[in-house]
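Have the viewer open and follow along.

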Amino acid sequence: MVLEDFWWGARLALGRTDTSSGTIHSTLSLEESVQYVEGVFADYARYGAVDRFRGRAAELGPGDNVGVALLMRVNGCSEVDLVDRYVSHRDEAQQKKIYEELARRHPLADFRRGEDWSERSWSGIEWRFGPAETFFERSSATGRPRYDFIVSRSVLEHTYDPLFALAGMARSLATAGRLIHKIDFRDHGMFTPAHHELKFLEVPARMYRRMTKNSGRPNRVLIHEYRSALTRLVAEGTLTSFRLLVTRLAGVGEIDPHRELEQIDPETRRRSMEFVDGHRNEFARVFRHVSAEDLAVTGVFLVAER
């Protein structure tokens with residue numbers, strides 16, 4: 001993994017940003033792809049408590065399809081910026097079919113330029129290539145643009161410095177703007193399924209950084225660090241409130257509907273914490289003193305408002 005990460009660093013240094021990561025639709029049927037797009041959008045609205053998307057939005061890491069951004073445009077957004085460090089491979093013929101089916105179900109005609117179904121042919125949707133950390137640092141420093149919504153699904157765990165990016169995003173919000181991010185704290189196949197799901201927490205911090213810095217593997221920034229960062233942003237007046245809704249627990253699985261940790265029944269939480277404590281002595285030093293309750297959380301929906 002260290003060698004692979006070095007290889008990714010060399011590619012990035014040469015300007016090679018193409019990747020097979022983020023190609024979720026390559027494994028799905030047409031119906032599954034459309035349901036996935038509609039499901040992601042519905043989750044943003046449901047857990048973000050959004051009656052209607054409006055104004056300007058940004059989506060981090062859209063991957064190989066801009067369907068979610070299109071549904072945000074249909075719902076009321078005037079512009080959607082797509083922020084991505086990498087360029088995901090895509091099957092153009094497959095993507096055309098997905099857009100055609102989305103257009104059959106939703107009124108997309110007003111946003112299409114000409115007869116082209118290309119992802120770059122939609123009005124009000126612009127690509128902004130580069131790291132999220134850099135993009136939102138620049139946005140927050142200049143005050144342009146200001147976003148009413150900034151969303152992502154399974155992206156922040158792959159950024160180099162998610163807490164720095166989070167601060168930049170918070171400062172890039174318009175008044176009453178909202179952050180809505182689904183974050184997956186698991187290892188994304190680094191050690192699973194051959195090992196238990198928290199095996200990656202055993203790797204010493206210095207070695208882990210060498211395995212993940214350039215490749216986009218999970219950064220191991222967990223719920224307690226997000227909570228601390230969000231608390232600071234509220235204290236300084238950048239944000240007015242935040243919620244961390246648990247989507248998964250170690251040793252338990254998905255929590256549906258997603259809800260705050262205190263709202264999950266005590267028996268389910270106890271089982272998860274017992275799973276954590278069964279492996280705690282093997283964890284890297286940086287995690288030894290983190291509470292079992294926090295280590296048990298393997299995914300969240302982060303919702304914050306300015």
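## Helix α5 against helix α6

Helix α5 (residues 132–142) and helix α6 (residues 162–171) pack with their axes 8 Å apart, at an angle of about 30°. Axes here are lines fitted to C-alpha atoms, for helices over the stretch in contact, and angles run from 0 to 180 degrees between N-to-C directions. Helices (H or I, at least four residues) and strands (E, at least two) are DSSP runs, numbered from the N terminus. The crossing of α5 with α6 is left-handed; that label applies if the near helix is turned anticlockwise from the far one by less than a right angle, and right-handed applies if clockwise.

On the α5 side you'll find A132, E133, F136, E137 and S140, meeting F164, A165, G168, M169 and R171 of α6 (contact means heavy atoms within 4.5 Å). That set divides into five nonpolar, two polar and three charged residues. Ala, Val, Leu, Ile, Met, Phe, Trp, Tyr, Cys and Pro count as nonpolar, Asp, Glu, Lys and Arg as charged, and the others, Gly among them, as polar.

One caveat: this is a predicted model, where local features need pLDDT of at least 70 and side-chain atom pairs count only at pLDDT 80 or more, while totals for chains, interfaces and linings use all residues. Residues are numbered from 1 along each chain as its sequence is written, and side-chain values use heavy atoms, with hydrogens and water left out.

## Helix α2 against helix α4

The axes of α2 (residues 30–47) and α4 (residues 92–105) come within 10 Å and cross at roughly 60°. That makes α2 oblique to α4 (under 35 degrees is roughly parallel, over 145 roughly antiparallel, 65 to 115 roughly perpendicular, and the rest oblique). The crossing of α2 and α4 is right-handed.

From α2, the contact uses L30, E31, S33, V34, V37 and E38; from α4, K97, I98, E101, L102 and R105.

Now for the strands: eight of them make an open sheet with mixed pairing, in the order β5-β3-β2-β6-β7-β10-β8-β9. Two strands pair if DSSP finds at least two bridges between them. β5 (125–129) and β9 (253–260) each have a single partner strand, so one side of each lacks a neighbour in the sheet. From one strand to the next, the twist averages 15°.

Strands β6 (residues 147–153) and β7 (residues 173–184) run parallel, joined by six bridges. α5 lies across β2 (55–60), β3 (77–84), β5 and β6, at about 170° to β6.
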